[in-house]
Amino acid sequence: MKFVLASHNRGKLKEMQEILGELGVEVVLQSDVGLDLEPEENGTTFAENAAIKASAVMEASGLPAIADDSGLCVDALNGGPGIYSARYGGVDGDVARYQLLLNNLRGATNRAAHFHTAIVCIFPNGDVLRAEGDCHGTIAFAPRGEGGFGYDPVFYVPELRKTFAQLTAEEKNAISHRGNALRAFAVELKEYLEKN
């Protein structure tokens, strides 16, 4: 079975291929089937935004489509930036966004935060599978590490005493919100494939 990933991100594709390939599922980017869609993500939750992307790609391709939506939720910011993580503060670039986050948390005593991912897969017959995953941590006082992307340099995992940007790809995948959501999705998908 072939799934189309509603994304242009090869890193996400690799992660999905590793986990879903074990179920005999081939995952390809939307560009691999001739699509270049950027539907407006106007949902109010991560799951709604993932469904918007998956639905658009499924309708255009006629194939099962899978999408995820992820973001950083900070307790002291009432769960923000949340679904607006990639557009936080209207600033451009990862460094500018996490610097804005650090500035907005200046003086905050509660630095608890979590990353959240929602995954939605929509099939041409109308069936929908969903899964979600989290990774809890805190916001560091300054960026550390050279790896990762987005808010990784300031997302600190106390148990490992490292930021996401200091973890190897294997360490990050083992605990990350996307890895947790993908593993939960794989369970849902395995059950679905066995029934159908």
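Start by selecting L182 and whatever it touches: setting aside neighbours within four places in sequence, L182 is in contact with E15, M16, I19 and I119. Keep in mind as you click around that this is a predicted model.

Keep L182 selected and colour by secondary structure. L182 sits in helix α5, which covers residues 177-195. Is L182 buried or exposed? Its relative accessible area is 0%, so L182 counts as buried, the cut-off being under 20%.

Time to zoom out and show the whole chain as a cartoon. How many helices and strands does the protein chain have? There are five helices and eight strands. Walk them from the N terminus and the order reads β-α-β-α-β-β-α-β-β-β-β-α-α. The radius of gyration is 17 Å, close to the 16 Å from the globule rule for 196 residues, so the chain is as compact as a globular protein of that length. Line up the principal axes and the C-alpha trace spans about 55 × 30 × 25 Å.

Now colour by burial: 45% of the 196 residues count as buried.

The chain exposes about 9600 Å², with carbon and sulfur atoms supplying 50% of it. Select the charged side chains and you'll pick up 18 positive and 27 negative ones, with the centres of the two sets 5 Å apart.

How values were computed: Residues numbered from 1 in each chain as written. Predicted model: local features only at pLDDT ≥ 70, side-chain atom pairs only at ≥ 80, totals over all residues. Heavy atoms only, no water. Helix = DSSP H or I, 4+ residues; strand = E, 2+ residues; numbered from the N terminus. Rg over C-alpha atoms; globule rule 2.2 N^0.38 Å. Buried < 20%, exposed > 50% of the residue type's maximum accessible area, 1.4 Å probe, protein only. Areas by Shrake-Rupley, 256 points an atom, 1.4 Å probe, with all protein chains shown as cover. Lys, Arg positive; Asp, Glu negative; His and termini not counted. Charge placed at Lys NZ, Arg CZ, Asp CG, Glu CD. Contact = heavy atoms within 4.5 Å.
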